[in-house]
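Here is a short briefing on one protein model. Look through the sequence and structure first, then read the points below.

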Amino acid sequence: MNAPLTETMTTETTDDVAAVKGVMLRDAWYYALASADLRAGTTTHRTLLGEPVLIGRDAGGKIFALRDTCPHRGTLLSRGPFDGKEVACPYHGWRFATNGQCTAIPSQTADQRPQPADIRAQTFPAHEAAGNIWVFVGARNATPPPLPALPEAAKRPQLHLVMRFPCNIDLAVIGLMDPAHGAFVHKSAVWRSEQSIHEKRKSFSPAPGALGWRMDKHRASSNSRAYRLFLGGQPETEITYTLPSVRIEHASTGRYNYVGLTACTPVTADATDVHHVMYWDIPGGALWRPVVRQVAHRFLDQDRVAVIAMQEGLAFSPSTMLVRDADTQVRWYYRLKREWLAAAAEARAPENALTPTVLTWRS
Ligand code: FES
Ligand SMILES: [Fe+2]
């Protein structure tokens, strides 16, 4: 049965959603890996939006990214040796500088073409900040926008977790942003329980200068006991979500801070890496790492299991609905995603049509 289209409830197959489902947005920075996972003089492979990317750190510590297929016959360059300056293909030894310029083709005689000067491997803009490595995936001549901005307090990560969700980018993103699943998916003594569900009213504003929105600064929810245990006092929280897939949460008592960065990176059309990076600055804060790692890992895994159950249900193509106001952010996500694609197709700057709004739901 199809739900009626009313003010408070709408089928999910509206224009906002249908045209953009599962599409991987290009011309954006994507979280590739944690800085700590890339030592100087090494390279690694990541698949980002279905594209093969070699990410490396040269002998001087500078990061770079190349298309990870050899321009000769396609071998993964990341399988070859790297001397801290040049990547060598493991098959015929063609060599490439970190800017993509070919520097050696061992099989060619001096009078044969091509010569190294004729060959370049494609590069990707790569940037490192606050312990995170981002890669820009998009048109070769596009100018990358600024990186997602983290609060001042986020300098050196205390923790980085990554978990692969076997689903498209949308299910990962909306599975994590959903405000009403906590009591059911994350049952836990220190976090939430069904008994603690109560009405929430939160005000939201459009994210400044980006396609996204911000849950304005508010006193941390009374069923988020973990924050109070961790930071002490009466923390205030602000959450910003910006497309394509970056959520930044900042809880602060004024004195101490917690910053959580959640960034979803499409690997392929049906696999998404969920990165979660945490910063905190309470005294002796590093001592918390083992326990926080364990809790965060369990949390993320609960989300992964929930998303898989949804994905398995959706495989039967049920009609679904987005209710107000608990599902409103999901709706915003799809609406802004549509705007992103429309703006790209029309070669104009995207417009954030969201307006300040108060949302009410129970969780
Ligand atoms: S495939 Fe890379 S050098 Fe031949
Ligand atoms: Fe969750």
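Helices (H or I, at least four residues) and strands (E, at least two) are DSSP runs, numbered from the N terminus. Two strands pair if DSSP finds at least two bridges between them. This is a predicted model: local features need pLDDT of at least 70, side-chain atom pairs count only at pLDDT 80 or more, and totals for chains, interfaces and linings use all residues. Residues are numbered from 1 along each chain as its sequence is written.

- Four strands form an open antiparallel sheet, in the order 3-4-5-9.
- Strand 3 (42-48) and strand 9 (123-124) are the edges, and each pairs on one side only.
- Strand 3 runs antiparallel to strand 4 (residues 51-57), and seven bridges join the two.
- Thr-42 stands opposite Arg-57 in strand 4.

**Domains**
- An automatic or database assignment sets the domain bounds. It gives domain 1 (32-137) and domain 2 (159-362).
- Their C-alpha centres lie 34 Å apart.
- Eight residues of domain 1 are in contact (C-beta atoms, placed from the backbone, within 7 Å) with seven residues of domain 2.

**Core**
- A nonpolar core is a set of buried Ala, Val, Leu, Ile, Met, Phe, Trp, Tyr and Cys residues joined through C-beta atoms within 7 Å. Buried means 20 or more other C-beta atoms within 10 Å of the residue's own.
- The largest nonpolar core has 72 residues; among those touching the most other members are Tyr-30, Ile-55 and Ala-172.
- Domain 1 and domain 2 both give residues to this core, so it lies between them.
- Beyond its neighbours within four places in sequence, Ile-55 is in contact with residues including Ala-32, Ile-63, Ala-126 and Val-135.

Notes:
Chains are lettered from A and ligands numbered from 1 in the order in which they are written. A residue is buried if 20 or more other C-beta atoms lie within 10 Å of its own, exposed if 12 or fewer, and partly exposed in between; C-beta atoms are placed from the backbone. Two residues are in contact if their C-beta atoms, placed from the backbone, lie within 7 Å.
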